[in-house]
Amino acid sequence: QAAAPLHPVAVQCQEAQVVVTVHRDLFGTGRLVRTADLTLGSAACLPVAQNAAESMVTFVAGLHECGSTLQMTPDSLIYKTSLSYKPTPSGNLVIVRTNAAVVPIECHYPRKSNVSSNAIWPTWAPFRSTLSAEERLMFSLRLMNDDWSAERLSNGFQLGESLHLQADVASGHHVPLRLFVDDCVATLSPDRNSSPRYALIDLSGCLVDGRSDDTTSAFISPRTRQETLQFMVDAFKFAGDDRNLIYITCHLKVSPADQAPNPLNKACSFNKASSLWAPVEGTGDICSCCETGNCPLYG
């Protein structure tokens, strides 16, 4: 890939206007975005110049133009606007190959200054701008071998064996994250809504398969790391169907690791010895809805 521009978006806060210079390699991938897909502010102002040789696009707007907003604090005047990138299909009208992005832009001007009887020279506080782009978390769900040390080479099982399933997320430079498995459903086709279907995990993190009398299915506790969640499910087949291929589709999600687990974000197994639901982490009461079935599903 081509080297990413050091600063794909540069901002100059001048006395009465803001100048925004955009490198068309906005995401640092070597693929240039289309100038027509870039606008400034809620009024969607268009650029005033484009340097084809350097792949640069320049916007110039008065501080009050293009739908900017003004925030006044005890010490500063803050003009806020944003650079928007909204990819439109080109050639093929069905797909796009980049994500939309919004770059918040702020110009800060001091409201107060010390002056002498000499000539007054305005001093501008440096601008602050934030580049933000949509980023996908990398989730994975893998079949592991019996000691969890590596991915299982075969996806074939005999009835009586256990499936060792491991869900992961690569958190990268995000705040520390904790992974949860919201639900898992088994079907005979890739369509998770097809019939017959069997819920292994439901109700925002209840391993309901472990509630059955003849299973030992459960989450593994404690976790090896917050971004990983492991669980075991006893092998099964659909009654009255001779097909030996089963699809398991799971919905994974994350929450900040410093946020306490709750009825919406939980990993609960049924303990047959105590006949109680128990969480991998958190207080036992967050699992009580696994028994009543009235867990919150969204939030």
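Buried means under 20% relative accessible area, exposed over 50%, and partly exposed in between, with a 1.4 Å probe and protein chains only. This is a predicted model: local features need pLDDT of at least 70, side-chain atom pairs count only at pLDDT 80 or more, and totals for chains, interfaces and linings use all residues. Residues are numbered from 1 along each chain as its sequence is written, and side-chain values use heavy atoms, with hydrogens and water left out.

**Exercise 1. Describe the salt bridge of Glu291 and its setting.**

Step 1. Take the criterion: a side-chain nitrogen of Lys or Arg within 4 Å of a carboxyl oxygen of Asp or Glu. Glu291 meets Arg211 at 2.9 Å, N to O.

Step 2. Helices (H or I, at least four residues) and strands (E, at least two) are DSSP runs, numbered from the N terminus. Glu291 sits in helix α1 (residues 288-292), and Arg211 in the loop between β14 (197-201) and β15. The two are 80 residues apart, so the pair links distant parts of the chain.

Step 3. Arg211 is partly exposed at 35% relative accessible area. Glu291 is partly exposed too, at 46%.

**Exercise 2. Are Asp182 and Lys253 buried or exposed, and what does their salt bridge tie together?**

Step 1. The contact is 3.1 Å, N to O.

Step 2. Asp182 lies in strand β13 (residues 177-187) and Lys253 in strand β17 (residues 247-256), so the bridge ties together parts 71 residues apart in sequence.

Step 3. Asp182 is buried, with a relative accessible area of 7%. Lys253 also counts as buried, at 16%.

**Exercise 3. Characterise the largest pocket.**

Step 1. Define it. On a 1 Å grid over the protein atoms alone, a pocket is an open set of points where a 1.4 Å probe fits, with protein on both sides within 12 Å along at least five of seven lines; lining residues have an atom within 4 Å of a point.

Step 2. Its volume is about 580 Å³, the space filled by probe spheres set on the points.

Step 3. The lining has 20 residues, with Asn155, Phe157, Leu163, Asn244 and Ile246 nearest the centre. β11, β12 and β17 each give two or more. β11 gives the most, three residues.

**Exercise 4. Which residues have the most contacts inside the largest nonpolar core?**

Step 1. A nonpolar core is a set of buried Ala, Val, Leu, Ile, Met, Phe, Trp, Tyr and Cys residues joined through side-chain atoms within 4.5 Å.

Step 2. The core has 23 residues, and Val9, Val20, Val22 and Phe59 have the most contacts.

Step 3. Strand β8 (101-110) is among the contributing elements. β8 supplies the largest share, five residues.

Step 4. A second, separate core has 18 residues, including Leu200, Leu207, Leu229 and Val280.
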